[in-house]
Amino acid sequence: MRHYLIPLAVLLAGCGAKAQDQDQERSENSASNDSAVLFADANPIYVNQHGFSPESHKLAFYRGELDSPATWSLHNENGDVVLDGVTEPVGYSETAQQHLNKIDFSDFDTPGDGYYLTVRGTNSPYFDIARDLYKSLKYDALAYFYHARAGVPIETPYVSAEHARPAGHTNEVVTCFKGEDLWGTKWPGCEYELDVTGGWYDAGDHGKYVVNAGISTWTLLNAYEQFGESFTDGKVNIPEAGNGVNDLLDEARYNIEWMLSMQVPDGTTMKLPVGKQESGKSLELTEVDASGMAHHKVHDETWTGNIMPHEDEETRYLYPPSTGATLNLAAIGAQCARIWREIDPEFSERCFESATKALNATQESPDIYGYNNFDGGGPYGDGDFLDEKKWALYEYNLTNQVLGAGSEAVLPAPSNNLSAPGFNNTELLALLSTRQTNPISEDTIISSADNFLLDTAQEKLHFPYYSERYHWGSNSALTNRAIVLGTAYQLTGEQKYRDGVVDLMDYLLGRNPTGYSYITGYGDKPYKNPHHRFWAKSQIGDRPEPPAGVLSGGPNNTNMSDPVAEKLKGKCAAQTCYVDDHGAWTLNEVTINWNAPLVWMAAFLDATEP
């Protein structure tokens with residue numbers, strides 16, 4: 001059994017998804033020709049290994065030594081040629097550092113299993129052409145969250161016997177961290193305890209973070225608002241099935257209850273770091289009224305190795321409240337209040353009260369930041385709360401309208417050129433929520449989607465994302481773009497937006513230069529070794545591989561701070577900086593905020609199939 005400790009240098013740079021987009025320890029990589037040999041043995045035909053809907057467009061790509069056309073053929077499961085053509089050279093890809101040729105077989109629409117393409121004597125992975133292609137994926141992707149539940153046993157028949165495990169962190173009644181942090185700040189602790197049992201483990205470790213829980217929960221609730229009929233009671237295999245409530249809401253509520261429990265009690269004063277302060281140095285603490293704020297996170301005092309949740313004996317603490325966490329609680333509390341207003345009025349009222357307290361608290365303390373100054377967990381820091389403030393205000397105002405609880409507020413205008421949502425970039429969430437009630441929101445969503453589609457022309461693999469710098473959790477940038485594109489399709493009915501989502505899913509399922517499907521259990525060659533304490537078969541033989549439907553963080557050439565990724569520095573292009581290795585936490589971690597948009601994406605493709 002291999003246990004490992006995280007080096008201090010990694011602690012300072014953040015760990016796991018917690019450092020996503022922080023860029024505090026960026027590695028400036030200049031990929032060399034060595035990138036060409038990383039996946040030299042990978043199948044040179046890049047295709048969605050799961051399959052295609054009959055009426056969708058169908059693209060694949062061939063990696064060649066020269067930028068020249070070649071004859072291709074499409075075969076059925078019997079080996080018969082059912083279509084052929086000539087590849088279209090698309091040029092040299094800077095993101096993959098390869099010459100690529102496009103194969104377009106969109107005109108073929110006959111359903112069947114076991115199709116494959118052949119180019120220059122090489123057969124592609126098998127794939128299907130079928131209806132209901134993503135029906136199972138949306139449920140498998142959602143099942144991730146049941147697997148990630150804290151405080152309860154994960155049991156059969158809701159999971160397979162190998163994935164069942166005892167409850168971890170039960171009766172989690174904890175107090176505030178007291179003592180000296182990694183930067184020498186002396187924290188006085190607090191005089192109360194909170195019962196914060198439950199919620200979802202954030203990633204492969206055992207931490208729980210209000211900030212990342214916010215966008216993850218919002219995404220599932222937004223999926224409910226758009227595709228809720230797919231998750232009606234009894235559709236999903238969870239303990240709450242049969243209780244008369246939509247299963248997607250049952251799963252989301254499990255985490256919302258935990259988020260509500262992280263709120264600071266009324267009448268609490270606390271010493272907190274006010275205003276932006278220099279990283280790496282002892283923080284100056286000022287006594288403030290912290291009533292209604294949200295604790296940023298709860299996790300172990302120090303990082304753990306490959307132990308299961310119920311084996312964790314580390315002391316756990318509440319860590320200081322932050323404005324970012326408080327705005328996340330306000331936004332989710334407001335969203336919860338309007339969704340549950342008829343389903344469970346008492347819970348709706350509780351959510352709205354919590355949201356109101358949280359918003360008021362951010363007026364009192366608008367600039368309390370989270371830092372990477374504690375062992376045992378990541379920072380989920382953010383240097384700008386304007387986007388969270390807009391998100392919370394838009395959600396709260398929309399709920400006020402729905403509940404008839406007050407007059408409409410004057411809301412701040414949306415920013416221009418919005419990027420895809422992320423845990424520290426939440427403004428588009430506000431517009432997606434108000435897409436049907438605010439013309440400005442609709443216009444901004446469509447213009448953002450149009451901007452994303454512009455990348456398709458530049459990206460040689462033909463999907464709406466282009467960058468020569470892939471960040472930690474790059475696959476989540478794609479899935480979150482899919483939410484914006486999918487919503488633009490819902491608003492306009494224009495096929496180009498749905499095609500963009502199809503292209504993004506194709507990339508995730510194998511139309512990429514690694515030869516991997518980045519979703520477990522789907523495709524000819526799905527990855528199998530996420531950075532996870534429990535799903536760790538390659539490290540500990542009696543542990544399982546991951547269940548189906550789990551999204552890998554994917555390629556990353558900007559922060560290569562784990563021992564596996566470190567060996568790739570200077571040897572890979574943006575799309576080839578990837579290894580399917582348990583120890584590669586910067587490349588192969590899994591998290592709630594990456595799987596939530598996968599649920600949305602799969603539900604969208606299933607609901608809008610022609």
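Trainee: What should I know before I start?

Mentor: The model is predicted, so local features need pLDDT of at least 70 and side-chain atom pairs count only at pLDDT 80 or more, while totals for chains, interfaces and linings use all residues. Residues are numbered from 1 along each chain as its sequence is written, and side-chain values use heavy atoms, with hydrogens and water left out.

Trainee: How are helices and strands named here?

Mentor: They are DSSP runs numbered from the N terminus: helices are H or I with at least four residues, and strands are E with at least two.

Trainee: What describes two packed helices?

Mentor: Two packed helices are described by the angle between their axes and the distance between the axes. The axes are lines fitted to C-alpha atoms, for helices over the stretch in contact, and angles run from 0 to 180 degrees between N-to-C directions. Take helix α7 (residues 345-364) and helix α8 (residues 386-403): their axes are 11 Å apart, at an angle of about 140°. That makes α7 oblique to α8. Angles under 35 degrees count as roughly parallel, over 145 as roughly antiparallel, 65 to 115 as roughly perpendicular, and the rest as oblique.

Trainee: Which residues of α7 and α8 make the contact?

Mentor: On α7 look for Phe352, Ala355, Thr356 and Leu359; on α8, for Ala392, Leu393, Tyr396, Thr399, Asn400 and Leu403. Contact means heavy atoms within 4.5 Å. By class, the α7 and α8 contact has seven nonpolar residues, three polar and no charged. Here Ala, Val, Leu, Ile, Met, Phe, Trp, Tyr, Cys and Pro count as nonpolar, Asp, Glu, Lys and Arg as charged, and the others, Gly among them, as polar.

Trainee: How do α5 and α6 pack?

Mentor: Helix α5 (residues 247-261) and helix α6 (residues 323-339) have axes that come within 11 Å and cross at roughly 135°. They are therefore oblique to each other. From α5, the contact uses Leu249, Ile256, Met259 and Leu260; from α6, it uses Asn328, Leu329, Ile332, Cys336 and Ile339. That contact of α5 with α6 has eight nonpolar residues, one polar and no charged.

Trainee: Now the strands. In what order do the four strands of the open sheet lie?

Mentor: Two strands pair if DSSP finds at least two bridges between them. The order is β1-β3-β7-β6, with antiparallel pairing. β1 (45-46) and β6 (88-93) are at the edges with a single partner strand each, so one side of each has no neighbour in the sheet.

Trainee: How many bridges join the neighbours β3 and β7?

Mentor: Six bridges join β3 to β7, and Phe61 stands opposite Lys102 in β7. Two bridges link β1 to β3 (residues 59-64), where Ile45 has Tyr62 as its bridge partner. β6 and β7 pair over five bridges, with Pro89 opposite Asn101 in β7. In the hairpin of β6 and β7, four residues lie between the strands, and Gln97 takes a positive phi near 55°.

Trainee: Is β7 buried or exposed?

Mentor: Five of the seven residues of β7 (residues 98-104) are buried, so this strand is largely enclosed by the rest of the structure. Buried means under 20% relative accessible area, exposed over 50%, and partly exposed in between (1.4 Å probe, protein chains only).
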